[in-house]
Protein chains: 2
Amino acid sequence: MEENKQEIIDEKDETQNEESEQTVVEETDEVEQLRQEKEEINNRLLRLQADYDNFRRRTQKEKEADRKYRSQSLVEELIPALDNFERALQVEVDGDAAKNFANGMKMVYDQFKAALEKEGVEEIPAKGEEFDPHMHQAIMQVEDENYESNIVVEELQKGYRLKDRVIRPSMVKVNQ
Amino acid sequence: MEENKQEIIDEKDETQNEESEQTVVEETDEVEQLRQEKEEINNRLLRLQADYDNFRRRTQKEKEADRKYRSQSLVEELIPALDNFERALQVEVDGDAAKNFANGMKMVYDQFKAALEKEGVEEIPAKGEEFDPHMHQAIMQVEDENYESNIVVEELQKGYRLKDRVIRPSMVKVNQ
């Protein structure tokens, strides 16, 4: 009787033991799975952080470039008007009234040029400069003993740049 | 002897059982901790995603506004020159040569205006319009039977807007 009772207890114990082991195995699986999920989310977090940082840097650069050259489209529209302004001013006028009128127009021209310069628009230096294909467009080649080789001898149309960007190259005659 | 052995086995079993229970408790703690960590990282991921989305939206809006009003600073510089251009053109000139010169200048003026209009610059309508404090600056109040109350009677200086943004209000006389 005593032994029989013990056997029953033993069996019960075994059952409990098996259950415990099974639970431990399940828990370990769960721990492993949770670790993997945590790692996966952490990797997504790191990738997203890197994406975000890149986007911010790129945006900042684009913003600076946009701001630097913001006037470009209006400048491009104004340059042909400025060409005509210069051509019109080259006409000689007679008489005091006409001369006063022309002087007034010259002042208006200077004011336009000053407004453009304030925004970073500059004439490209041409005559006497070494020919630079990035800023000068060679329309003619000449042979002129008074200049060295590859030097701009004459400017046929003014060129303009906005800060470091060429908006329109100068049209020039270059010495061979 | 038989009983004694059983007791030893029993004791051993008990020890094993305790160990198993302890392991289960530890595993449960670890599962709980991992769950919390996973949840925390997941929350950081969600917050970062929301931040990133907001930043992208804000950046896009800023970019559009920057682009829309990109010419503003150059336009502000050019408006006083345009005023002087108009004033200079109002001078009457005598003689064919001077008249030709003045006509040439009028064409240059039109070209400037067209370039500005292409970029979205418009004169603010004033004379005959209802007074609008967002676009008109009242310099004088008059009493004029020919106009209704609160109507702009005369424009003293042109106003300009760039798209929907007032760059300079018109200076006007308003009917009481």
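Among contacts in chain A between residues at least 6 apart in sequence, 62% join residues at least 24 apart; contact here means heavy atoms within 4.5 Å. This is a predicted model, in which local features need pLDDT of at least 70 and side-chain atom pairs count only at pLDDT 80 or more, while totals for chains, interfaces and linings use all residues. Residues are numbered from 1 along each chain as its sequence is written, chains are lettered from A and ligands numbered from 1 in the order in which they are written, and side-chain values use heavy atoms, with hydrogens and water left out.

Let's start with the fold. Chain A holds 3 helices and 6 strands, in the order α-α-α-β-β-β-β-β-β along the sequence. Helices (H or I, at least four residues) and strands (E, at least two) are DSSP runs, numbered from the N terminus. Of the 176 residues in chain A, 35% are buried, that is, under 20% relative accessible area with a 1.4 Å probe and protein chains only.

Helix H3 of chain A (residues 96-118) has 23 residues and reaches 33 Å from its first C-alpha to its last, close to the 33 Å expected at 1.5 Å a residue; the expected span is 1.5 Å times one less than the number of residues. Its buried residues include A:Phe101, A:Met105, A:Phe112 and A:Leu116. Their cover includes helix H2 and strands S1 and S4 of chain A, together with H2 and H3 of chain B. Just after H3(A), A:Gly120 has a positive phi of about 100°.

Now to the partner chain.

| Item | Value |
|---|---|
| Residues of chain B in contact with chain A | 60 residues |
| Buried area between chain B and chain A | about 5800 Å² |
| Salt bridges between chain B and chain A | 10 salt bridges |

Buried area is the accessible area (1.4 Å probe) that two parts lose on being put together, summed over both, and 68% of it lies on carbon and sulfur atoms here. A salt bridge puts a side-chain nitrogen of Lys or Arg within 4 Å of a carboxyl oxygen of Asp or Glu. One joins B:Glu62 to A:Lys63 (2.5 Å, N to O). Helices H1, H2 and H3 of chain B each give two or more residues to the side that touches chain A, and H1(B) supplies the largest share, 33 residues.

A:Thr59 counts as buried because its relative accessible area is 11%.

Key:
Buried < 20%, exposed > 50% of the residue type's maximum accessible area, 1.4 Å probe, protein only.
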